[in-house]
Amino acid sequence: MKPPPFEYHAPRDLGEALRILAGVRGKVLAGGQSLIPLLNMRLMAPEHLIDINRIESLATIETTPRGVTVGALARHSEVEHSGAHPLLGQALRLVAHPVIRNRGTVVGSLVHADPAAELPAVLAVLNGSVRLARDGAAAGDAPLVRDVGAAEFFTGPLESAVRPDELAVSAFFPALPARTGTAFREVARRHGDYALAGVCAVVTLDDDLRVGSARVACVGVGPVPITVDVTSECDGRPAATVDWAAVTRAVREATEPEGDIHATAAYRLRLVGVLAGQALSEAAREAAAD
Ligand SMILES: Cc1cc2nc3c(=O)[nH]c(=O)nc-3n(C[C@H](O)[C@H](O)[C@H](O)COP(=O)(O)OP(=O)(O)OC[C@H]3O[C@@H](n4cnc5c(N)ncnc54)[C@H](O)[C@@H]3O)c2cc1C
């Protein structure tokens, strides 16, 4: 199928992109791996497309001791192979197939906010944030910028906090503290498909290898990534003696899976508990070896 008619814009810099966004009812085109199928299926009909692929200043991956900042044009594959963040690497290997990862962008995936997507869960479990910019013409020349934390960024299925005149310029993924392990476990019907359910875990141990903090974020079992802090369930015990299966009861209680043609709600509920147990114990093992 062909997309509905739209006017195409190809700005060369961020300021130009923001000025266009401020003046029209449009959609940003990044990797196009989600937007183009939606247009072709006529599930969306924006009057204008603002293609950001020529804005080289957005194609950045910056690592500091605080964390990694991924620009809006950094492709999944570039971030995956950059080694910039262990959990991002683990998650990106589960996203679609290499050809899609060569075009799709990390920031585009966050803005798209598919509840079954891996990267929103990574941002959520790490307490990361997204930087949004809009045209600053009314207040001077510099763009107006705001940072939105993951807890406020994902507002519903396929809905994020990005306003129509805003462009997401980057996403920030905080670095991991010492003695921290991460894992991402999911089940999909075929390799590369969106997950039926998935769980990413971050576990930090203290010097005595007791659990100092343990968090998970779940995909496919709610309208947005479901983040659960299970630190108190671990009761400060040595990681090796924690019954992770029991801990995951708290995870199951926090999720709201729905059934569809791919899996029943009951199956997803069972799955998320099993995956949470696996991801938490794998992350704890990695933390102990850190
Ligand atoms: C066959 C197939 C399988 C897939 N499997 C998976 C999977 O298993 N897991 C997964 O997570 N994803 C999967 N995807 C989606 C893929 O990861 C997309 O690349 C990603 O979701 C969107 O990134 P994009 O750069 O292509 O965004 P686009 O398709 O260009 O845009 C997506 C949406 O975000 C908006 N947008 C994009 N960038 C910005 C920005 N900087 N500022 C403001 N708005 C913006 C667009 O306007 C649009 O609404 C799959 C895609 C395909 C085609």
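Q: How many helices and strands are there in the chain?
A: This is a predicted model. Helices and strands are both present in the chain, and the counts are 11 helices and 14 strands.

Q: Why is the chain as compact as a globular protein of that length?
A: The globule rule gives 19 Å for 290 residues. The radius of gyration of the chain is close to that value, so the chain is as compact as a globular protein of that length, with a radius of gyration of 20 Å.

Q: What box do the C-alpha atoms of the chain fill?
A: The box is taken along the principal axes. Its dimensions are roughly 60 × 45 × 30 Å.

Q: What share of the residues in the chain is buried?
A: A residue counts as buried when its relative accessible area is under 20%. Of the 290 residues in the chain, the buried share is 50%.

Q: Is H9 buried or exposed?
A: H9 has its place in strand 1, residues 7-9. The cut-off for buried is under 20% relative accessible area. The relative accessibility of H9 is 14%, so H9 counts as buried.

Q: Which side chain is joined to that of H9 by a polar contact of 2.8 Å?
A: Leaving out residues up to four places away in sequence, H9 touches I20, H48, L49, I50 and D51. The polar contact of 2.8 Å joins the side chain of H9 to that of H48.

Q: Which side chain makes a polar contact of 2.7 Å with D51?
A: D51 is in strand 3, residues 48-51, and is buried, with a relative accessible area of 7%. Among the residues D51 touches, not counting those up to four places away in sequence, are Y8, H9 and L29. The polar contact of 2.7 Å is made with the side chain of N53.

Q: Where does N127 lie?
A: Most residues other than glycine have a negative phi. N127 is not glycine, and its phi is positive, near 60°. At 54% relative accessibility, N127 counts as exposed. Its place is the loop between helix 7 (118-125) and strand 6 (129-134).

Q: What is the relative accessible area of R179?
A: R179 is found in the loop between strand 10 (167-174) and strand 11 (180-187). Phi of R179 is also positive, near 50°. R179 is partly exposed, and its relative accessible area is 26%.

Conventions
Residues are numbered from 1 along each chain as its sequence is written. This is a predicted model: local features need pLDDT of at least 70, side-chain atom pairs count only at pLDDT 80 or more; totals for chains, interfaces and linings use all residues. Side-chain values use heavy atoms; hydrogens and water are left out. Helices (H or I, at least four residues) and strands (E, at least two) are DSSP runs, numbered from the N terminus. The radius of gyration is taken over C-alpha atoms; the globule rule is 2.2 Å times the number of residues to the power 0.38. Buried means under 20% relative accessible area, exposed over 50%, partly exposed in between (1.4 Å probe, protein chains only). A polar contact is a pair of N or O atoms within 3.5 Å; within protein, one must be able to donate a hydrogen and the other to accept it, and residues adjacent in sequence count only if both atoms are side-chain atoms. Contact means heavy atoms within 4.5 Å.
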